[in-house]
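Dear colleague,

I am handing over the structure we spoke about, and below it you will find my notes on what turned up in it. Please read them with the model open beside you.

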Amino acid sequence: MQKHTLMESTPHIEIKHTTQATNKGVYVLYYPSINESADPIVKALQFYFKSKELIKDINSGKSAKIYALNDDDPFEYVIIQNATSPRLDGANLARKASNKIATQKVEENSISVLLPHNYTIHDIAEFSFGFQLANYRWTYQSIKEGSKSSSFPIHYLNLITSISQEDYLNQVEQKWNLKYLHHLVKPILRLRELVPTRPNIANTEFMKNYILDIVKEYGDKITSTLIEGDDLLGAGLRLIHAVGRGSIHKPFYSCLSYKGNADSDKYYALVGKGVVFDCGGLSIKNTSSMEQMYDDKGGACTVLETFRAVVQLGLPINVVCSTAWVENSIGPDSYRVSDVIQSYKGLTVEILNTDAEGRLILADAMSYAQDKFAIYEMIELSTLTGIIKNALGRYCGVFTNRKGCYSLLQKVEKITKESFWPLPLEDQHRELIKGSVADINNSSSGRVGASAAAAFLECFVEKKVRWMHWDIANVAVTDKNDGIYTKGGTGFGVMSLIYYMTWDVVSKELKEQKQENEDDDN
Ligand SMILES: [Zn+2]
């Protein structure tokens with residue numbers, strides 16, 4: 001197996017909060033606060049800008065312009081950008097700025113950023129969050145022996161603000177919102193690194209070891225069950241076994257659980273599809289449809305990293321992370337079109353298309369979690385249907401059996417800026433998956449594919465369980481640099497899942513914060 005280390009655990013970027021400029025670096029200025037500031041640095045800059053007539057440019061509304069300066073000037077470059085709200089603009093501007101800076105050959109990979117004096121601690125946390133995500137480049141250079149290339153153009157970030165390093169680090173631990181912005185960068189980056197990792201490296205053994213590392217790290221806080229290869233048959237996980245048995249890389253199922261709320265027996269179940277590569281099986285895909293199928297493990301990777309973050313942050317919730325891992329391949333023992341297989345739940349499934357494998361492994365993964373734990377709500381993530389991109393573009397499609405789930409999600413997406421859109425699940429879709437020789441079939445011959453897939457999954461949801469299916473097929477990876485996203489994995493879903501599951505506590509904080517901002521403005 002090819003040696004490959006994912007992102008190191010050492011800090012990829014060191015952020016220092018200083019109240020004054022310490023080095024001759026690059027400054028990014030966030031206008032329009034510059035004129036109002038009483039800060040001596042800002043005042044000095046103001047004078048300096050006037051002498052350079054940069055203010056004229058600022059006032060004319062030019063944004064993201066780079067000024068290369070002379071040797072005896074205090075800075076190497078000055079980048080001027082307009083920003084009004086950090087969450088709205090900050091992350092996107094940070095992305096643009098870090099891109100520009102990365103191409104400027106910054107000395108020692110270091111940059112100083114002057115933030116407006118009136119930025120609150122939330123604004124600063126938002127900026128750091130956006131900057132770190134924008135500063136990431138997905139690269140495959142790390143697999144070269146002795147390679148020193150880095151995924152992070154900027155290694156040191158000096159944030160010049162009115163708050164000291166100590167104060168900042170203290171304050172971010174006081175509130176969940178700040179904690180999330182501070183601590184979720186790493187899980188998101190890890191996810192962005194993992195999802196595009198190619199199947200010759202990230203095969204099922206690799207993913208098993210990845211999970212075992214999590215178990216090793218948090219063994220005292222979590223329970224774990226791992227069922228592999230032919231043991232899947234004994235456990236009743238026949239659908240997972242059927243899909244994965246055609247590959248020499250053994251299929252497996254993983255169930256991790258964490259109890260963060262001792263007073264409650266109710267669990268969230270996070271379920272994910274982990275197809276490490278999908279050639280379609282005997283219903284083989286054509287080459288161009290196969291190209292991006294390394295991302296078919298995106299759902300399972302997302303719930304795994306979310307689960308790790310829940311444990312690491314010690315969130316006051318109970319969570320089960322149920323993931324199924326297979327390579328959908330062609331071999332002498334591949335499952336076939338027309339096979340009839342009994343699911344863990346007992347329903348029989350007629351296989352009409354071996355490329356509709358995601359719903360099969362998810363069915364067993366959902367059933368297992370509901371069987372072993374008192375699940376209150378189940379959120380399942382999968383790159384399930386290619387057709388979703390035709391309908392929704394860069395939105396995550398959402399199906400649910402409770403309207404309340406989606407209305408809560410709408411509140412969450414306003415904060416996380418991850419886009420969701422609801423899709424219908426009705427009797428007309430349920431009709432499509434009714435079986436002729438078995439209880440149900442796994443393919444609706446391409447008609448209303450996304451809704452039919454959801455109807456299939458719905459058969460495996462207990463009536464009392466609140467359920468959402470997120471089809472992330474078109475949001476798990478991107479081929480464009482856009483805002484805080486750079487080419488490769490997006491890390492979509494971690495933020496929204498965490499905010500969703502802890503909305504009770506974070507929404508109170510958000511209200512208080514809004515009130516404080518309004519008081520400040522008055
Ligand atoms: Zn498939």
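How many bridges join strand β9 to strand β13, and do the two run parallel or antiparallel? In this predicted model, β9 (residues 267-278) and β13 (residues 375-382) run parallel and are joined by six bridges, with G272 having L381 in β13 as its bridge partner.

Both strands belong to an open sheet of eight strands with mixed pairing, in the order β7-β8-β10-β9-β13-β17-β14-β15. The edges are formed by β7 (222-228) and β15 (420-422), each of which pairs on one side only, and neighbouring strands are turned against each other by 20° on average, direction ignored. Helix α13 packs on this sheet, where β9, β10 and β13 are among the strands touched, and the direction of α13 makes about 155° with that of β9.

Finally, please look at V326, which lies in strand β10 (residues 318-328) and counts as buried because its relative accessibility is 0%. Leaving aside residues up to four places away in sequence, V326 touches several others, including T204, I240, P251, F277 and I361, while its C-alpha atom is 7.7 Å from that of H249, 77 residues apart along the chain.

Best regards

Note on methods. Residues are numbered from 1 along each chain as its sequence is written. This is a predicted model: local features need pLDDT of at least 70, side-chain atom pairs count only at pLDDT 80 or more; totals for chains, interfaces and linings use all residues. Side-chain values use heavy atoms; hydrogens and water are left out. Helices (H or I, at least four residues) and strands (E, at least two) are DSSP runs, numbered from the N terminus. Buried means under 20% relative accessible area, exposed over 50%, partly exposed in between (1.4 Å probe, protein chains only). Contact means heavy atoms within 4.5 Å. Two strands pair if DSSP finds at least two bridges between them. Axes are lines fitted to C-alpha atoms, for helices over the stretch in contact, and angles run from 0 to 180 degrees between N-to-C directions.
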